[in-house]
Amino acid sequence: MAINTYKENEQLQTAKKGATLIRMYRRLLKYRKEIAAVLLLLAVTVGVTLINPLIIERAVNVEVPEKNVRGLILLALFAAAINVV
């Protein structure tokens, strides 16, 4: 008694890449707001990630040699604030 595999029961169809992309784009249109929000949050995250080394550089190169404790505290508070948001 032979048992059919899934490959024998299905017909394979090929779709053009352009048609598939257009179909995906149409389905994503109803999620425009959500996609825009995700892209905005991504940009904010990248911005914060790029600012952190600059804050550390300022602390090490400017505030520590000048022994400016107030400046270090302000930089630390600024870094904490942008990382929390």
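The chain exposes about 8100 Å², and carbon and sulfur atoms supply 66% of that area. Accessible areas come from the Shrake-Rupley method with a 1.4 Å probe; for residues, only the protein chains shown count as cover. The model is predicted: local features need pLDDT of at least 70, side-chain atom pairs count only at pLDDT 80 or more, and totals for chains, interfaces and linings use all residues. Residues are numbered from 1 along each chain as its sequence is written, and side-chain values use heavy atoms, with hydrogens and water left out.

The chain holds four helices and zero strands. Helices (H or I, at least four residues) and strands (E, at least two) are DSSP runs, numbered from the N terminus. From that end, the order of elements is α-α-α-α. Of the 85 residues in the chain, 9% are buried. Buried means under 20% relative accessible area, exposed means over 50%, and partly exposed lies in between (1.4 Å probe, protein chains only).

Helix H3 was examined in detail. H3 covers residues 32-63. It has 32 residues and reaches 45 Å from its first C-alpha to its last. This is close to the 46 Å expected at 1.5 Å a residue. The expected span is 1.5 Å times one less than the number of residues in the helix. The buried residues of H3 are Val48, Ile55, Ala59 and Glu63. H4 is included in what covers them.

The largest nonpolar core has six residues: Val48, Ile55, Ala59, Leu75, Ala79 and Ile82. H3 and H4 are the elements that give two or more residues to this core. A nonpolar core is a set of buried Ala, Val, Leu, Ile, Met, Phe, Trp, Tyr and Cys residues joined through side-chain atoms within 4.5 Å.

Leucine 75 is a member of this core. The residue lies in helix H4 (residues 69-84). Leucine 75 counts as buried because its relative accessibility is 16%. Leaving aside neighbours within four places in sequence, leucine 75 is in contact (heavy atoms within 4.5 Å) with Ile55, Arg58, Ala59 and Glu63. Leucine 75 and alanine 59 are 16 residues apart in sequence, yet 7.1 Å apart in space, C-alpha to C-alpha. Alanine 76 is also placed in helix H4. At 46% relative accessibility, alanine 76 counts as partly exposed. Its C-alpha is 8.8 Å from that of alanine 59, across 17 residues of sequence.

Glutamate 63 forms a salt bridge with arginine 58, and the closest N and O atoms are 3.2 Å apart. A salt bridge is a side-chain nitrogen of Lys or Arg within 4 Å of a carboxyl oxygen of Asp or Glu. A search of the whole structure finds one such bridge. Glutamate 63 is buried, at 4% relative accessibility. Arginine 58 is partly exposed, with a relative accessible area of 42%.

Lysine 67 lies in the loop between H3 and H4. Its phi is near 55°, a positive value in a residue other than glycine. Lysine 67 is exposed, with a relative accessible area of 74%.

A nonpolar surface patch of about 660 Å² is made by Leu28, Tyr31, Ile35, Leu39, Leu42, Val46 and Leu50. Patches are made of residues with over 30% relative accessible area and no salt bridge; like charges are joined within 9 Å, and nonpolar side chains (Val, Leu, Ile, Met, Phe, Trp, Tyr) within 5 Å. Helix H3 gives the most to the nonpolar patch, with five residues. An α-helix has 3.6 residues a turn, so residues three or four places apart point the same way. Leucine 28 belongs to helix H2 (residues 17-28). Leucine 28 is partly exposed, with a relative accessible area of 43%.
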